[in-house]
Amino acid sequence: MDVMTLSNLSYEDKMAAMDRRISSRAYLDQEIEEEKIDALKEAIDEINKNNEKFYLELHGPCEDAGKEVGISSSMFAGTFHYYVTISSEVNYLAQEYYGWYAEEIILLAAHLGLGTCWVAGTYKKELVADTALEGQRNDAIIPIGYEMEKVPLKQRTIRRTLVSRNKKPKKLIDSDVDFNDIPDWIKKGLDAVIDGPSAINLQPVSFSYKDGVLRAHFDESVGRWEAVDFGIAKLHFHLAVGEIGHWDEGQDSIYHLD
């Protein structure tokens, strides 16, 4: 039987997962079915097998994973029992790669009906330092669990604040043609970028469309995780346009139509 990965899902399922995914900050004290955990483990193993710049590891079940990693109780509510640690080489390219592939796991979790959230700063890194491989550092974690149907007011307020920072498609791209004349497939990709998550909640990614060439950029002055957001944004764009091309890696990368 084939391993369930994001790439094995239909276009409709990928779009539904992107639409369903939100940054979950309130979790039910509920165990996750074994078959869903197995699917996530297999997908993570498949990703790790093909990458050396970073390493993903699924942990759990824990009695209270939030306490285990020292996650801030002021930012999250409830109890989750599983989480993913991400260790990475200390460079922009490694962070871009794990932004892309860890987001694949997040979207797969959404497809399975599970809630997740990128957590880059509000936990105690020293508690998960032993998950980092030699030459790598622990860079982020991803809680996984069932989201509360009725999210507490504080967490709803945090979510609204983060969503309000999202940019408009027209503001996200610099072009030598009028925005109305930009190809529809690019606009569709931009919408998906805006709807996507941000490890640092700032979405420091922009695009340019000049002489018929689409490029992606990230603001290197924002902070330590801007390249992670770059990988997340590039994945969302790629999926939304139907994977009709491929990105170069790194800063100022071009999207090549296949």
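Reader: What makes strand 4 and strand 6 a pair, and in which sense do they run?

Author: Happy to start there. In this predicted model, strand 4 (residues 82-88) and strand 6 (residues 137-145) are joined over 7 bridges in the antiparallel sense. The cut-off for a pair is at least two bridges, so 7 bridges qualify these strands. One of the links can be named: S88 has R137 of strand 6 as its bridge partner.

Reader: Which strands stand at the edges of that sheet, and why are they called edges?

Author: The sheet is open, has 4 strands in the order 2-4-6-5, and is paired antiparallel. Strand 2 (54-59) and strand 5 (115-116) each have a single partner strand, so one side of each has no neighbour in the sheet.

Reader: R137 has come up already. Why is its link with D139 called a salt bridge?

Author: The closest N and O atoms of D139 and R137 are 2.8 Å apart. The limit is 4 Å between a side-chain nitrogen of Lys or Arg and a carboxyl oxygen of Asp or Glu, so this pair counts. D139 has a relative accessible area of 0%. Buried means under 20%, so D139 is buried. R137, at 23%, is partly exposed.

Reader: What do the side chains of D174 and K210 tie together?

Author: These side chains meet in a salt bridge, 2.9 Å from N to O. D174 belongs to strand 7 (residues 173-175) and K210 to strand 8 (residues 205-210), so the pair ties together parts 36 residues apart in sequence. Over the whole structure, the search finds 6 salt bridges.

Reader: How do you know that the buried residues of helix 1 line one face?

Author: The buried residues of helix 1 are K14, A17 and M18. Viewed down the helix axis, they fall within an arc of 100 degrees, so they line one face. As background, an α-helix has 3.6 residues a turn, so residues three or four places apart point the same way. On the face turned away from the buried side sit the exposed residues E12 and D19. The cover over the buried residues of helix 1 includes helix 4 (92-111), helix 7 (184-195) and helix 8 (226-240).

Reader: Which residues touch the most other members of the largest nonpolar core?

Author: That core has 32 residues, and those touching the most other members are I173, I186, F207, L214, F237 and W247. Two or more residues each come from helix 1, helix 4, helix 7, strand 8, strand 9 (213-218) and helix 8. Helix 8 gives the largest share, 7 residues. Beyond its neighbours within four places in sequence, I173 has contacts that include F179, I182, L190 and Y209. Another core, of 30 residues, lies apart from the largest one, with F54, L58, I86 and Y98 among its members.

Reader: Is T5 buried or exposed, and what does its side chain contact?

Author: T5 has a relative accessible area of 12%, under the 20% limit, so T5 is buried. T5 is found in the segment before helix 1 (11-20). Its side chain makes a polar contact with the side chain of S7 at 2.9 Å. Setting aside residues up to four places away in sequence, T5 touches A43, E46 and L108.

Reader: What makes the backbone at D211 and D252 worth a look?

Author: D211 is not a glycine, although its phi is positive, about 55 degrees. D211 lies in the loop between strand 8 and strand 9. With a relative accessible area of 70%, over the 50% limit, D211 is exposed. D252 also has a positive phi, near 55 degrees, and is a residue other than glycine. D252 lies in the loop between strand 10 (245-247) and strand 11 (253-257), and at 40% counts as partly exposed.

Reader: Which peptide bond is cis?

Author: The bond from G60 to P61 is cis, with omega near 5 degrees. P61 has its place in the loop between strand 2 and helix 3 (65-68).

Key
Residues numbered from 1 in each chain as written. Predicted model: local features only at pLDDT ≥ 70, side-chain atom pairs only at ≥ 80, totals over all residues. Heavy atoms only, no water. Buried < 20%, exposed > 50% of the residue type's maximum accessible area, 1.4 Å probe, protein only. Polar contact = N/O pair within 3.5 Å; in protein donor to acceptor, adjacent residues only side chain to side chain. Contact = heavy atoms within 4.5 Å. Arc of directions from axis to C-beta. Core = buried A, V, L, I, M, F, W, Y, C linked by side-chain atoms within 4.5 Å.
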